[in-house]
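Look at the structure first, then read the points below.

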Amino acid sequence: MEPASAPGTARYRLGDYRDYVPHPRLARVAEGVWTHRVSPNAALPSGAMHRVLPDPALSIAFRCRRDSTGAPVDAELLIIGPKTRPHVFRLLPGWETAAVRLKLEWVEPLFDLVPADHHDAEHVLGSVDPSACRLFDHLVETRTCGEAARALAAVVAHLAGTRSRAPAPLPAAAVDLVRRTHGGMSVDEVAHATGSSTRHLRRKVHRGAGISLKTYARVARLLRAVTAADQSALPAWARIAADCGYCDQSHLVRECRALTELTPCQVHRERWAEAETSNTG
């Protein structure tokens, strides 16, 4: 059971990472709310690391440590850009992040940010948009990671309700179709469903979301496969490959290597070990 301070209904958990279903006012513009918190008392093995897989979303994140009263220390409000390749960072006791994962098509309407400017990078939000940063001043008044996640989600939901700008209809519809099918639709199928030519659709999506629709679909499909495998110590890879739209298990292996530089078994082994360390720490 999630603690009372949790920012919503838990959807997924892996080690110190938690993913939460966005509440209805937020769901229009965000894929979810997430937190990553390493306990100050965690007994981590030397050099413990966490691998972030490619991810076609941009997060607005509040990162800090907390003192004995729960007050944030060394706090930053960050833009965590879309990941086009895996990133590895060191796990440090006491550090936490609370974030909202924005749908790519809503990044510019809400924050006047171009997703492509932040690929594979972290930037301080205040250095890019000081006016938006002021909206988050009350985050330093929070005393838990869950409280920070709720506050951040409330601010983004408020922006979604007060800023009248909306994303361009065609790329927004296309990306949403791919998202809802977890990468299960080809570019040609999306073009047909949206009444657009494939060439026109590709150009519009790349301009609006900063990523090709094909890449978005490939990453979404792989993430579905990896999270499905997380549920078992011995994943049934052939079934997972079929359920996630791959031609066969070999197709899944090739795609995983291309996007993460690891095989599915290596990714799963690493993630499972991290979860076990968190559960016993």
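R11 is partly exposed at 43% relative accessibility (buried is under 20% relative accessible area, exposed over 50%, partly exposed in between; 1.4 Å probe, protein chains only). R11 pairs with D19 in a salt bridge, with the closest N and O atoms 2.5 Å apart (a side-chain nitrogen of Lys or Arg within 4 Å of a carboxyl oxygen of Asp or Glu). D19 is buried, at 7%.

This is a predicted model: local features need pLDDT of at least 70, side-chain atom pairs count only at pLDDT 80 or more, and totals for chains, interfaces and linings use all residues. Residues are numbered from 1 along each chain as its sequence is written, and side-chain values use heavy atoms, leaving out hydrogens and water.

**Salt bridges**
- The count comes to 17 salt bridges.
- D74 and R65 meet at 2.5 Å, N to O; D74 is partly exposed at 48%, and R65 is partly exposed at 30%.
- D112 and R165 form a salt bridge at 2.9 Å, N to O.
- That pair links distant parts of the chain, 53 residues apart: D112 sits in the loop between α2 (104–111) and β9 (122–124), R165 in the loop between α5 (145–162) and α6 (169–180) (helices are DSSP runs of H or I, at least four residues; strands are runs of E, at least two; both are numbered from the N terminus).
- D112 is exposed at 53%, while R165 is partly exposed at 42%.
- Shared partners join E31, D55, R101, E105, D176, R179 and R180 into one network.

**Around T9**
- T9 lies in the segment before β1 (10–14) and is exposed at 57%.
- Beyond its neighbours within four places in sequence, T9 contacts D19, Y20 and V21 (heavy atoms within 4.5 Å).
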